[in-house]
Amino acid sequence: MRILFFGTKPYDEEFFTALLEDSRYGGLEFKFIEPNLTAETARLADGWDGVCAFVNMDLGTRTIELLHECGVKLILMRCAGYNNVDLAKAGEFGITVMHVPGYSPESVAEHAMALVLTANRHMHKAYIKCRENDFSLSGLMGVNLSGKTAGIVGTGRIGAAMARICRGFGMKVIGYDMYHNKELDFLEYVELDELLAQSDLISLHCPLTESNYHLINSETISKMKDGVILVNTSRGGLIKTADLIQGIRDGKFFAVGLDVYEEETGSVYEDMSDQILGHSTMARLLSFPNVMVTSHQGFFTREALRAISQTTLDNALAFAQGKSSGNEIHGQ
């Protein structure tokens, strides 16, 4: 089976190629290319059995139509999210879509806490000050996490890992989820409004759906405590950025940590250091001293990349053998 990998970086090729030494994958043929998968590049897949894409690519209606015309029968998402895929159109054409539902929940949860600590204790500012021989403490005061309340929105694998980390910091942990995680016996489930009102730290760990699009908006922000810390390592669309910016300006947030944001498509994972950002909202976010932004790197650990590579190839192998891996995604 021949698979074309779109938007590959050196680290993708390193971890996927390493698995070729495993004889189980001997029937799979790879090719790595740099362009992202979009409607403009989809015809590069002509003659390939499957394509492998990532969360930052455009697998909308037109892209799926072109992949179908190219004879593609399998779309491998080397990530957990798939809100960028037109599943209904893929199903219409009989194209199987598979993803990596879990790889290293700790990698994302640990990054979420790194954002909390960095934004709270102003580590990014302290680093720059010390490099310039400025050892004053002005502008660097944070707050203790111990004894505070952490609100986890979404208590799946990643949310559960974040809950355990927060507990380790001596925090009371509450959560909101339609499905309760029975393994989290220390966590108290509450309604969303109660979580917003009680939490000193709010961490988002839920997939993006139509029902929770812009979950964080002016109305929900108004229900939060003054001086709350907000962290998002899930999907940018969970937060209405304009309302978040207004909340920051109004002094609602003590600190904000973002690994994802609405405008990341087209810029995430790309070096744009010699360009002027065309999006004013991102420029405004970067201007606030209590905001820490990273480039969708929560997954980026060696353990996570190894797990993503193996699960992706296991998905391809199962498809080639006419079997189910359990990681198929079906449209509504």
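Predicted model: local features only at pLDDT ≥ 70, side-chain atom pairs only at ≥ 80, totals over all residues.
Trainee: What is the volume of the second largest cavity, and how is a cavity defined?

Mentor: On a 1 Å grid over the protein atoms alone, a cavity is a set of points where a 1.4 Å probe fits but cannot get out; lining residues have an atom within 4 Å of a point. Grid points are joined across faces, edges and corners, and the volume is the space filled by probe spheres set on the points. The second largest cavity comes to about 50 Å³. Among the residues that line this cavity are Asn 232, Thr 241, Leu 244, Leu 258 and Leu 285.

Trainee: Which residues of helix α9 are buried?

Mentor: Buried means under 20% relative accessible area, exposed over 50%, and partly exposed in between, with a 1.4 Å probe and protein chains only. Helices (H or I, at least four residues) and strands (E, at least two) are DSSP runs, numbered from the N terminus. In helix α9 (residues 241–249), the buried residues are Thr 241, Asp 243, Leu 244, Ile 245, Gly 247 and Ile 248. Just after α9, Gly 251 has a positive phi of about 80°.

Trainee: In what order do the strands of the 7-stranded open sheet run?

Mentor: Two strands pair if DSSP finds at least two bridges between them. The order is β8-β7-β6-β9-β10-β11-β12, and the pairing is parallel. β8 (188–189) and β12 (291–293) are at the edges with a single partner strand each, so one side of each has no neighbour in the sheet.

Trainee: How many bridges join β6 and β7, and which helix packs there?

Mentor: β6 (residues 149–153) and β7 (residues 172–176) pair in the parallel sense over 5 bridges, and Thr 149 stands opposite Lys 172 in β7. Contact means heavy atoms within 4.5 Å. Axes are lines fitted to C-alpha atoms, for helices over the stretch in contact, and angles run from 0 to 180 degrees between N-to-C directions. Helix α6 (residues 157–168) packs on the sheet and touches β6, β7 and β9 (201–204); its direction makes about 175° with that of β6. The loop between α6 and β7 contains Gly 170, which is partly exposed at 40% relative accessibility.

Trainee: How many bridges join β10 to β11?

Mentor: Between β10 (residues 228–232) and β11 there are 5 bridges, and the two run parallel. A crossover is right-handed if, with the strands pointing away from the viewer, the path from the first strand over the helix to the second runs clockwise. The β-α-β crossover from β10 through α9 to β11 is right-handed. In β11 (residues 253–258), 5 of the 6 residues are buried. On to β12, 3 bridges join β11 to this strand, again in parallel, and Gly 257 stands opposite Met 292 in β12.

Trainee: Which strands form the open sheet of 6 strands?

Mentor: The order there is β2-β1-β3-β4-β5-β13, with mixed pairing. β2 and β13 (328–329) stand at the edges with a single partner strand each, so one side of each lacks a neighbour in the sheet. β1 (residues 2–5) and β2 pair in the parallel sense over 4 bridges, with Ile 3 opposite Phe 30 and Leu 4 opposite Lys 31. β1, helix α1 (residues 10–18) and β2 make a right-handed β-α-β unit.

Terms used. Residues numbered from 1 in each chain as written. Heavy atoms only, no water. 1 Å grid on protein atoms, 1.4 Å probe; cavity = no way out; pocket = protein on both sides within 12 Å on 5 of 7 lines; lining within 4 Å.
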